[in-house]
Amino acid sequence: MVRVISISLLLLFLLPGLALAGGIEVREFDGPVMERRYAELTATLRCPKCQNQAIDDSDSPIAGDMRDRVYALLQDGRSDKEILDFMVDRFGDYVLYNPRLEGRTFLLWGLPAALAVLGLVLVGLLVRSRRNASAQALSAEERKRLDALINRERTE
């Protein structure tokens, strides 16, 4: 009897906390293709409130609203591009993990490639200058000093 009362009290204290915890969202899809599209879209959209977290993994209310909107747009027969365009129009480019290549994002995409090319050019110039430096002939004065050092070592 005491055990039943203690379990009842435990449940009484735990149930309100469980009710406040995020629930599991159940969505019905027309088929596995639609379900896969939903999963891919929600994984590629970033939650505007969370720090670098996709909306499929976020418990924030705005992420839940975004998931609802993606689901509704999929049910309306919208394409993935139309859904992404809608989200970008509403929340800005920040919601995309991979920003589109546009005039304002060109620096974001082009700078790493430009720095890599610049690094390769600098390495090439360094290697070429070292080869040229090692291939140069010794001057007459340097040749005399070298011969003197070599002859000194032989005599010792």
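A crossing of two helices is called left-handed if the near helix is turned anticlockwise from the far one by less than a right angle, and right-handed if it is turned clockwise. In this model, which is predicted, helix 2 passes helix 3 in a right-handed crossing. Two packed helices are described by the angle between their axes and the distance between the axes. For helix 2 and helix 3 the angle is about 145°, and the axes are 10 Å apart.

Which residues meet where helix 2 and helix 3 are in contact? From helix 2 come Met 34, Arg 37, Tyr 38, Leu 41 and Thr 42, and these meet Arg 67, Val 70, Tyr 71 and Leu 74 of helix 3. By kind, the residues of this contact divide into 6 nonpolar, 1 polar and 2 charged.

A search of the whole structure for aromatic pairs finds 1. Its partners are Tyr 38 and Tyr 71, which are arranged edge-to-face, with 6.3 Å from centre to centre and 90° between the planes. Because Tyr 38 lies in helix 2 (residues 32–44) and Tyr 71 lies in helix 3 (residues 61–75), the pair ties together parts that are 33 residues apart in sequence.

Both partners can also be described by their relative accessible area, for which buried means under 20%.

| Residue | Relative accessible area | Class |
|---|---|---|
| Tyr 38 | 10% | buried |
| Tyr 71 | 19% | buried |

Another ring, that of Tyr 94, has the charged end of Arg 46 sitting over it, 4.7 Å from the ring's centre.

Notes: Residues numbered from 1 in each chain as written. Predicted model: local features only at pLDDT ≥ 70, side-chain atom pairs only at ≥ 80, totals over all residues. Heavy atoms only, no water. Phe/Tyr/Trp six-rings, centres within 6.5 Å; stacked < 30°, edge-to-face > 60°. Helix = DSSP H or I, 4+ residues; strand = E, 2+ residues; numbered from the N terminus. Buried < 20%, exposed > 50% of the residue type's maximum accessible area, 1.4 Å probe, protein only. Lys NZ or Arg CZ within 6 Å of the ring centre and 35° of its normal. Axes fitted to C-alpha atoms, helices over the stretch in contact; angles between N-to-C directions. Contact = heavy atoms within 4.5 Å. Nonpolar A, V, L, I, M, F, W, Y, C, P; charged D, E, K, R; others polar.
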